[in-house]
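Please open the model in your viewer and keep the selection tool at hand.

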Amino acid sequence: MSKKNRQGHRAHRQRSVDFDYEDFSVQEKRNQEDSNNHSSQKNFQRKSQGRPPGLKGKAIGLYYRDLSRKKKEERGENQSSSRSSGQDRRFFSLPDSTDQTIRRLLMEALEATKSSSDGDNLSMQNRQFRKKFFEIVSGNIQDSLEWAMRMNSVLVNNDTLNNRLKKELEAKKEERAYQQMMTFRYKLPAYKQRNEIIKLMEKHQVILISGETGCGKTTQVCQYILDDAIEKGIGSTVKIVCTQPRRISATSVAERVAAERIENLGDSVGYQIRLEKALCRDYGSILFCTTGVLLRFMQSDPALRDYSHIILDEIHERNSETDFIMTILKQVIHKRSDLKVILMSATLNEKRFSEYYGDCPLIHIPGFTYEVTEYYLEDILKLTKFRFDTAKKVLPTDLTTSHAKVILPSLDKLIREGNYPTYVVHELRNPMVELINLELIRNLIEYICNNKGPGAILVFLPGLRDITQLCELLEESGHFPSNKFDVYPLHSQLPTADQKMIFNPPPVGVRKIIIATSIAETSITIEDVVYVIDCGQMKLSRFDIGLSLEMLKPEWETLANAKQRRGRAGRVQPGECYRLYTRAREATFDEYQTPEMIRTPLERVVLQIKLLQLGRADVFLANVLDPPEEKAIKLAIDLLIDTNALDEDENLTPLGYHLAQLPVDVKTGKMILWASIFSCVEPVFAIAACLSYKDPFYCPRSQKEEANKMKKILGLDQYSDHITFAEALRLFEKARRKSRKNARLFCSKYFLSFNTLELLLKMKKEFAMYMYDMQFLKSANPRDKESNINSRNLSLIKAIICAALCPNVAIVQKQARFPILATPEDGTVKIHPKSINMEAKALPTPYVTFFEKKKSTAIYLHDTTCVTDAALIFAFSNGQLKKLEKRSLLTLRQGFEFLCKQSVGETVKRLQENFNELLAEKFLNPNSINWNSSEGFVLLAIIEFLSVADTNVGITSKRLELESISEDDDDDDKDDDDDDDNTSGSLVIV
Ligand code: ADP
Ligand code: MG
C-alpha cells in the first residue's frame, strides 16, 4: 500500500468512528449528483457503511433522514432549534486519546505556571514596550506634542558646520560638472520663481506651490531651500523631508537630485522607503521618503523635531496617507511655529488645498508646454483605417448600455458634420470601440512611426498586464527592431537600474517607446516625449460600503488625468496626444478623481489615528479635506473591534498596537503574528506576502489546462490556494538558491511570475524583520530553525489562515459541477475560476475560508482554503458554549454551530480560554515562544486539537520535493502581473 493510500485508509477509519454528520441525507444526495468524481466516491463508500444493503436512490436519502431524526431524538434535540440558521448543525467530536492528551498538556501548562515566577521578571525591553503602549492608550496628541517639544532637536545651529557647508557649496560651484547641471537647472520654469518662493516661505509657515508637471517642483524647490540656507550660513539648521506617494518616485527623484548636486546618495541627499534606505546626513540635507515613512517618523517624534521643512509633494493625487498627513500637520504647526510646510501639487484644483490651510499663499509656476494637438478615437480610426473585429463577442451589458446611451446618439452629429468617412461612423457603432484594443494601439504606434517626425512615444495603459501584452505584441510584429526602437515598460515595480535607462536620450535614429501606468502622469517626467497615446482608462479600487466589498476595475479617467497625460507631449516641442475614446465619451468624464480615503476601507487609517493618539476616529476624520462617510468609519471600527484590535470603547488593544506597526491590512497582520507565535513562519509569511501583494500565478488562455495541472501539483492535495502559494514560494526559493536561471525555469514550468516571486521573497524577509524587531521572533531570518518548528504542519497552517481571515468563512451549499457556497452576509457566492478549489469537484469540508471577495458578474471568492471543523472552532476564539440536556452546543457565530459531547465542549472551552490568556499576555510582553514552558504546552494542546481533526477529513499531509527541471524548458520570463499603480493604499507603497 502506498503511503498516500495508507494515510487515506487511516483517515477513513478514524472518520467513521469520530466524525458524524448531523444530516446524512444531504451529503448522500450530493455524492450521488457527483458520483463520477473520485473523491466523492470515497465519501460515498465511507458513508454507506452501516446502511441496509439494497437501498437505492431516494430510499437511501429517506433512510438517512430517519436515522438522523432518530439520533437527534436520542440527543434530546428538537428539530426546529437545530435548523434555526438553515444550516444543519454538525456534530463535533474528538477521539478520547486526543481529548486526554489535550487535557494533560493543559494540566502541565497550569503546573508550569505555578512553578515559575516569570510574571515578576519582566525584561527591560518588555517594560519599555508596556510603557510605550500605555502612553499611547492613555495619551493624546496635544500632550505628546508638548512633550516632544521639550526634547532636543538634532538641528542645532553650529557655526563650524555652517562654514564648512558654505565652503563646500562654493567649491562645487567651480566644478564643471556642477555648472553643466546648473545650466540645465536655470532653464527650468521653477528657477524664475526661486527668490519669490524663498521670500514667501520666510514670511509664512505654510505655502502651496502648484505648477505644470516637469516645471521643477520636486527636484528644485528642496534644493533652493537648502542652498539658500547654506549660502546664508545657517545650513546646519536645515533638514528637509520631502514625501512622495510612490516608492519609485522617492528613489528616482533622490538619485536625480544627488546627480544634480554632483554627489552620491548619502551625503546631502538621501531616501527612505519601506524596503530600502540610503540616509543623508542629519543636517544640511534633503530626505525623500514615502508618506508612510513620514507617518512612522511621527510615532516616535510627533513634532518632527528633527526636520526644519516638510514638503508634501503630489498632494493633488489625494491618496489616503497624504490626506492624513495634511490633517495632522495642521495640529503640529500650531506647536512648532518654526516648522515650515510646503505643499506641492500639479495644477489641479489647488485653491482647495490653500483654503484647507487657512488660505495659505499660493505660488503658481507657469509651465512652458508647447502646443499639443489632440486626436480622438474618431480621428484615429480615420488615420489608421483600423477595423474592429466583427466576430460577435459577448460584451458586458453595462458596456453596451453605456455605448448605446453615449456614443450612438453622438453619431448623427458626426455624420452631419461630414468630416469622417462612413466606415469610421460604422466602426463607432460597434460597442467594442469602448474597450482597450492593443491591436489598434499597435497600429497607431506604427502610424506615428511611419508618418511623423522623431520624438519619443508615451503610451498610458491601466495595468501591468496590458503593458506586458503590448510589449509582446510590438515585439511579435517584427516592425520594431531593437536597432531602431527602444521599448520600455514603466510601472511601480521596475527595478531602479531599469528606471534610469528610461530617462536617457536614445542614440540618433532610435525612437523611444514607453508603455506606462499612470505613474508617468505626474510623478515621473520623461523629457523627450512628443507623442502621447492615452487609452483613457485606469484601474481604481473602490469600496462598496453597502456590500462591504472592495472592487478593482478599470474606469474612465477624469478630465484632470486627461489633461496631465496630454501635457506630457509638449515638453520639448509641439506635441500630439492621441486619445482612444471619442469626444462624446469625454463629455461624460468627471472633473477630478475621488480621493482614495473615500473609496477604500478605513481600517488602517483608523489604526494610524489610534497609534498617533489622535482621539476618536470619527472626530479626526471629520477634519480631513474630504471626510469619509460615517458608515465607512463605523464599518472599519467594528471590524477592528471584531479582530480585537480595538476594545469596545475604541481604544487600541495590545494586538491593535502590533497590527498598526505592520504595513499590511489587519487580517494579514494577524496571520503574521499568529505564525510567529506558533513557529511556522516560512509558509505563513509566504502566504501573507501573496495576500498583501499579489498572486504569483498567471494563466495564459492558450495553456489553461497545463497551467491548472501544474498549479495542482503545488497544491499538495490540500484544497487550498494559500498552501499552493506557500509551496510555490518554497520551491522558488529552493530553485533560486541554486541559480537565477534555475528559478526562471521553475517559474516558466509552473506558470509563475519570476518578478512577483522575487518581490514576495523580499516581503517575507521583511515580515521576519518586523517580527524580530517587535520581539516576537528570536531571529530576523525567516528561515531560522526555531521560527519554523511547525512549518510542516499543514493543518496548523490552514487553521492559522482561517483564524486570520475570520470571519471570512463561506459554507458549501451544493457541489454540482462547481461548488456553490454562501456567506451569512452575501448569500450565494462562487469560487473564482482561478482558485485551485474550482477544479476540485467535491470539497472535503463544508467550510471554506477566503481573503478576498469581489463582485463582478457574481460575488467571487478569489482565494480559498477548505477548513475543518476544528480549524473553524479555533478561528472563532470567542465561541459560546451552552449546555443542553445531554450535549453541549457550541455557537461560533450565527450560522456556525456545533453539537458535541459535554466533555468535548469543556475541552474546547478550556483551550480557548488558555489561548486567549496566552495571547493577551504575549501581546503585552512580546517575546519568542518558550516551548518548554506553560505557553508552549498550551500551544501544543492546540496543535494536537487541530492536527487530529484534520486527518478526520482525509486530507493527506505531504511535502513535495523539487523536481529536477529540464534545461531545455522555455527561459522566457513570462510576467502576467496585474499591478495597479493607482491604488496607493496597497502594501508596497510605504
Ligand atoms: P515636477 O516635480 O514639477 O513635475 P521635476 O522636479 O520632477 O518636476 O522635474 C523637473 C525636470 O527635471 C524635468 O522636466 C526633467 O527634465 C528633469 N528630470 C527630472 N527627473 C529626471 C531624471 N531622473 N533624469 C533626468 N532628468 C530628470
Ligand atoms: Mg514632481
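Begin by selecting Ser144 and Gln613, whose side chains are joined by a polar contact of 2.2 Å. Please bear in mind throughout that this is a predicted model. Ser144 belongs to helix H8, which covers residues 141-150. Is Ser144 buried or exposed? Ser144 has a relative accessible area of 12%, and because buried means under 20%, Ser144 counts as buried.

**The ligand**

Next, select ligand 1 and display the residues around it. There are 15 of these residues, and the ones that come nearest are Gly214, Thr218, Thr219, Glu527 and Arg571. Sorted by class, the shell consists of 4 nonpolar, 6 polar and 5 charged residues. Which helix gives the most to this shell? It is helix H13 (residues 217-231), with 3 residues.

Now examine individual distances. At Gly214, a polar atom of the backbone is 2.6 Å from an oxygen atom of ligand 1. At Thr219, a polar atom of the side chain lies 2.6 Å from an oxygen atom of the ligand. At Arg571, an N or O atom in the side chain is 2.5 Å from an oxygen atom of ligand 1. How much of the ligand does the protein cover? On its own, ligand 1 has 560 Å² of accessible area, and the protein covers 89% of this.

**Aromatic rings**

Turn now to the aromatic side chains. The structure contains 28 aromatic pairs. For one of them, select Phe480 and Phe485: the ring centres are 5.0 Å apart and the planes meet at 70°, so this pair is edge-to-face. Both Phe480 and Phe485 are buried.

For another arrangement, select Tyr847 and Phe896. This pair is tilted, with 5.7 Å from centre to centre and 35° between the planes. Tyr847 lies in strand S21 (residues 847-850) and Phe896 in strand S27 (residues 896-901), so the pair ties together parts that are 49 residues apart in sequence. Tyr847 is buried, at a relative accessible area of 1%, and Phe896 is buried as well, at 0%. Then extend the selection with Phe92, Phe876, Phe898 and Phe945, which form one aromatic cluster together with Tyr847 and Phe896.

**Lysines over rings**

Select Lys330 and Tyr356. Lys330 lies over the face of Tyr356, 3.8 Å from the ring centre. A further example is Lys670, which lies over the face of Trp674 at 5.1 Å from the ring centre.

**Backbone details**

For the last stops, display the backbone. Between Cys806 and Pro807 the peptide bond is cis, with omega near 5°. Pro807 is located in the loop between helix H39 (794-805) and strand S18 (809-815).

Select Leu716 next. Leu716 occupies the loop between helix H35 (704-714) and helix H36 (721-738), and Leu716 is buried, with a relative accessible area of 2%.

Finish at Phe751, where phi is near 60°, a positive value in a residue other than glycine. Phe751 is placed in the loop between helix H37 (740-750) and helix H38 (754-773). With a relative accessibility of 4%, Phe751 counts as buried.

Key:
Residues numbered from 1 in each chain as written. Chains lettered and ligands numbered in written order. Predicted model: local features only at pLDDT ≥ 70, side-chain atom pairs only at ≥ 80, totals over all residues. Heavy atoms only, no water. Phe/Tyr/Trp six-rings, centres within 6.5 Å; stacked < 30°, edge-to-face > 60°. Buried < 20%, exposed > 50% of the residue type's maximum accessible area, 1.4 Å probe, protein only. Helix = DSSP H or I, 4+ residues; strand = E, 2+ residues; numbered from the N terminus. Lys NZ or Arg CZ within 6 Å of the ring centre and 35° of its normal. Near = heavy atom within 4 Å. Polar contact = N/O pair within 3.5 Å; in protein donor to acceptor, adjacent residues only side chain to side chain. Areas by Shrake-Rupley, 256 points an atom, 1.4 Å probe, with all protein chains shown as cover. Nonpolar A, V, L, I, M, F, W, Y, C, P; charged D, E, K, R; others polar.
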